Every structure is written in C-alpha cells, then in structure tokens.
Amino acid sequence: MLAVRAGTPYLPWHDPREATRLLRYALHREGFTHTYQSSANGMSVLSVTTGLTVWCRSGSFVWDEDGLTVTHPSDDPVGAAQLVKRHLRRPVEEEPEDSRAHDSGDRPPTDSVR
C-alpha cells in the first residue's frame, strides 16, 4: 500500500499495480478479455496477447511495437489501451512486410515439395 499524506488526493497511477489494473479494465472494455497481470518489486506486468506484454514502472507503461519501445504515461490507462488496441487490430495492409512473408494468402495448401 502506498504511503499518502492526509489531505493528498489518491493517485492510483503512482502504484504500478493499480495503474496496470486500470489498463487491464480499459482493455477488457475494448474486447481483450484474456489478460494476465502480475505485480512485484515496484513494477507490474500485463500480458495482453502472446506477442504483447505491457510493463508498468517509473510512472510509465512500456511495451515493444514492431521493434520499437513505446512508452505512455501510467496516469492515462485509457489512452494506453487505445494505443494497444490500435496496434493489435491494425489492418493487414499496414502490417510490416516481414510478418506477411510466410503467409500463403488465399492459395490452397499443396502436398508437393518445392
């Protein structure tokens, strides 16, 4: 539990566990209902999908997006949820070429070795 002086408004984003909980709820409202949260040692981790993990530490949400590190203030969990949703639900034509390189598209599978 955070130590807060009397008369100071409670700021949930100062506690990574609480900020991540608020992000988790915001993501649930966006349809991401199978998330997993773990908290310890002044940070919190939220597994959103098998390919996306959001860390909360030092007042920021942090995750990797297409090889780049994205940070977003932990006092805006709804905004972070919107960024995560935008990244995960990006149309196929916006995906990097590398992720489509192994996609067979609409072609049927074949038994021949080429």
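Visitor: How do you know that the span of helix H2 (residues 77-88) agrees with 1.5 Å a residue?

Guide: The expected span is 1.5 Å times one less than the number of residues. For the 12 residues of H2 that should be 16 Å, and the end C-alpha atoms are 16 Å apart, so the two agree. Helices here are DSSP runs of H or I with at least four residues, strands are E runs of at least two, and both are numbered from the N terminus. Bear in mind that this is a predicted model, where local features need pLDDT of at least 70, side-chain atom pairs count only at pLDDT 80 or more, and totals for chains, interfaces and linings use all residues. Residues are numbered from 1 along each chain as its sequence is written, and side-chain values use heavy atoms, without hydrogens and water.

Visitor: Which residues of H2 are called buried?

Guide: Pro-77, Gly-79, Ala-80, Ala-81, Val-84 and His-87. Buried means under 20% relative accessible area, exposed over 50%, and partly exposed in between, with a 1.4 Å probe and protein chains only.

Visitor: What covers the buried residues of H2?

Guide: The cover includes helix H1 (16-29) and strands S2 (43-49), S3 (52-57), S4 (60-65) and S5 (68-73); contact means heavy atoms within 4.5 Å.

Visitor: What makes S1 and S2 a pair?

Guide: Two strands pair if DSSP finds at least two bridges between them. S1 and S2 have five, in the antiparallel sense, so they pair. Gln-37 stands opposite Leu-46 in S2.

Visitor: In what order do the five strands form the open sheet?

Guide: The order is S1-S2-S3-S4-S5, with antiparallel pairing. Strand S1 (36-40) and S5 are the edge strands, each pairing on one side only.
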